[in-house]
Every structure is written in C-alpha cells, then in structure tokens.
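Notebook open, starting on a new model. I'll jot things down as I look them up.

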Amino acid sequence: MKFERRNLSQYDINSAWKKSGGLIFDSKPYGIAYCPKQWCKMTSAVMDAASYGNHSDASWVVDHIVPLAQGGANDYYNYQAMHNYCNSCKGDAR
Ligand SMILES: [Zn+2]
C-alpha cells in the first residue's frame, strides 16, 4: 500500500532538525544534531546540517516518528531528523 508523501517545506525540515537537538541559523538547519537513540545504528549519532539528503555517514533525512503506514501524520509535529541510513533500517522494520 502506498502512502502520499507530502513535499517538505523548509519549516518542516527545520522542525525535524530542531526536534533532534539541532539549531536553526538564517532560517536553515545549522551545526549538528543527534539521531534518535532508539533507532541509531551508526557508530556516531551525529548528523551534519549541511549533509541533508546526501549519502555521507552524517547525512540525514526527515523521518515520520509515527510511520505513515501506522497512521502517522504528514505534519511537522510528527517529524524528526534521522540518519539517512537509520531511516532505511527503520523503514525495513515496519
Ligand atoms: Zn542514526
């Protein structure tokens, strides 16, 4: 079953970054934040703001805390920043 993924606004991305402990500077994610402990599979939980959406060890994406498939909302309060890699693992566990 496919679920609609809304295009993320800068506000959504910023909300996710802040929820994982990151800072916002000049209306964009800045510095570092930490991947959620219960999901992180990397040696270091550090995520780098500048690595959003790429494929380095510190890269990150916006994760739905409650997955869409489990009734989670496409809304900023359901977003957190998570490693790209860890997000894939979480996805597989659904
Ligand atoms: Zn992680």
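Predicted model: local features only at pLDDT ≥ 70, side-chain atom pairs only at ≥ 80, totals over all residues.

Is Leu 8 buried, partly exposed or exposed? I get partly exposed, because Leu 8 has 16 other C-beta atoms within 10 Å. My cut-offs: 20 or more within 10 Å is buried, 12 or fewer is exposed, partly exposed is in between, and C-beta atoms are placed from the backbone.

I number residues from 1 along each chain as its sequence is written.

Still on Leu 8: I find it in the segment before H1. Skipping neighbours within four places in sequence, Leu 8 contacts Ile 13 and Val 62 (contact: C-beta atoms, placed from the backbone, within 7 Å). I also checked Leu 8 against Trp 60, 52 residues along the chain, and their C-alpha atoms are 14 Å apart.

Next, Asp 12, which sits in helix H1, residues 10-19. Helices are DSSP runs of H or I with at least four residues, strands are runs of E with at least two, and both are numbered from the N terminus. Asp 12 comes out partly exposed because it has 17 C-beta neighbours inside 10 Å. Beyond four places in sequence, Asp 12 touches Val 62, Tyr 76 and Tyr 79. Its C-alpha is 9.6 Å from that of Asn 74, 62 residues apart along the chain.

Last, the whole chain. I count two helices and six strands, in the order α-β-β-β-β-β-β-α from the N terminus. Buried residues are 29% of the 94.

Methods:
Contact = placed C-beta atoms within 7 Å.
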